[in-house]
Amino acid sequence: MKQLFDELSYSVSKMTTQKYSTSFSLGILALKPSIRSAIYAIYGYVRLADEIVDSFHGYNKEKLLKRLRKETLHALDERISLNPILQSFQETVNRYKIDKELIDQFLDSMEMDLQKITYDSELYKTYILGSAEVVGLMCLQVFTDGNKEKYAELKPYAMKLGSAFQKINFLRDLKEDYHILGRTYFPNVDIGAFDNDIKYNIEKEIEEEFNEALIGIKKLPASSIFGVYLAYKYYLSLFKKIKRKSSKEILNGRIRIANSEKAFVAFKSYIRYKAAWL
């Protein structure tokens, strides 16, 4: 029965999410059960592409990414794939009528990671749009489940949240991105001259985006509001920890949130959610 393969496919996407991200896994668990599988499917697909460009050293990354793009198009068109992650993703895209342009923009940003790019403001915006904002929009199409008016209303806020998450990732991964992958995303920034002033300016951008995103989170449907709020609070706790570190500390190590801290954040977030104190 194909149903067994579909169940297996969603299970693989779920395990992929749990393996790579404790924060997002807990956030997805806070969603209503009816939409969890779809968000696992989106994350699993995004993670697959990200691993190609970030981790598959010694392999032809460009060839692998092009193959993924081609196989994605085939899966969406034929509504089937022998790759479990692609199978759950195509099923989700077709079920929720996720805009295929978002997928193209995402893969375009992944291709940018294969090049040695000196980012200016426009390229920086383009990369964040494709690598983070459109992923938030894919999820938003699941959350709003065909309600075009609600999607249009929440779209700007979802993009702000995705952008804030990505910029926090850039700060968290600054050492690895620069020393191992040879990447510098922040526009017109010489990492050799990265100092507290530059760090502060980036943090101000993130704070503004977080403040705007929270407005949209409060307007989400009941099926998704707590899950998204929890992911927001996890990233906010990471952001606060990054803010307490100097530019030198950021350059020399990866900032993490312990699982015990995440559990405490989850508890406090749930209390605020139930008390309507978001």
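Student: Where is Met-138 placed, and how do you know that there is a helix there?

Tutor: Met-138 sits in helix α7, residues 121-144. Helices here are DSSP runs of H or I with at least four residues, strands are E runs of at least two, and the numbering starts at the N terminus. Keep in mind that this is a predicted model, where local features need pLDDT of at least 70, side-chain atom pairs count only at pLDDT 80 or more, and totals for chains, interfaces and linings use all residues. Residues are numbered from 1 along each chain as its sequence is written, and side-chain values use heavy atoms, with hydrogens and water left out.

Student: What makes Met-138 buried or exposed?

Tutor: Its relative accessible area is 0%. Buried means under 20%, exposed means over 50%, and partly exposed is in between, with a 1.4 Å probe and protein chains only. So Met-138 is buried.

Student: Which residues does Met-138 touch?

Tutor: Leaving out residues up to four places away in sequence, Met-138 touches Ile-42, Phe-89, Ile-98, Leu-102, Ile-103 and Phe-106. Contact means heavy atoms within 4.5 Å. There's also a C-alpha distance to quote: Met-138 and Val-93 are 45 residues apart along the chain, and their C-alpha atoms are separated by 8.4 Å.

Student: Why is the pair Glu-111 and Arg-69 called a salt bridge?

Tutor: The rule wants a side-chain nitrogen of Lys or Arg within 4 Å of a carboxyl oxygen of Asp or Glu. For Glu-111 and Arg-69 the N to O distance is 3.2 Å, and the side chains meet in a salt bridge. Glu-111 lies in helix α6 (residues 100-112) and Arg-69 in helix α4 (residues 61-78), so the pair ties together parts 42 residues apart in sequence.

Student: What makes Arg-69 buried and Glu-111 partly exposed?

Tutor: Arg-69 has 18% relative accessibility, so it counts as buried. Glu-111 has a relative accessible area of 27%, so it is partly exposed. Both residues also belong to a network of salt bridges that links Arg-69, Asp-104, Asp-108 and Glu-111.

Student: How many salt bridges does the structure hold?

Tutor: The structure holds 21. Among them is Arg-95 with Glu-91, at 2.9 Å, N to O. These two both lie in helix α5 (residues 84-96), 4 residues apart, about one turn of the helix. Arg-95, at 44%, is partly exposed, and Glu-91, at 21%, is partly exposed as well.

Student: How do you know that Lys-150 and Glu-153 form a salt bridge?

Tutor: The closest N and O atoms of Lys-150 and Glu-153 are 3.7 Å apart, and the pair forms a salt bridge. Both lie in helix α8 (residues 148-172), 3 residues apart, about one turn of the helix. Lys-150 has 23% relative accessibility and counts as partly exposed, and Glu-153 does too, with 35%.

Student: How is the protein chain divided into domains?

Tutor: Domain 1 is 1-9 + 32-115 and domain 2 is 145-277. Those bounds come from an automatic or database domain assignment. The C-alpha centres of domain 1 and domain 2 lie 24 Å apart, and the contact takes 8 residues from each of the two domains.

Student: What is the area buried between domain 1 and domain 2?

Tutor: About 610 Å², with carbon and sulfur atoms giving 45% of it. Buried area is the accessible area (1.4 Å probe) that two parts lose on being put together, summed over both.

Student: How many salt bridges does the rule find across the interface of domain 1 and domain 2?

Tutor: The rule finds 2 across that interface. As for another pair, the side chains of Asp-113 and Arg-183 meet in a salt bridge at 3.7 Å, N to O.

Student: What is the phi of Arg-79?

Tutor: Phi of Arg-79 is near 60 degrees, a positive value in a residue other than glycine. Most residues other than glycine have a negative phi. Arg-79 lies in the loop between α4 and α5 and, with a relative accessible area of 52%, is exposed.
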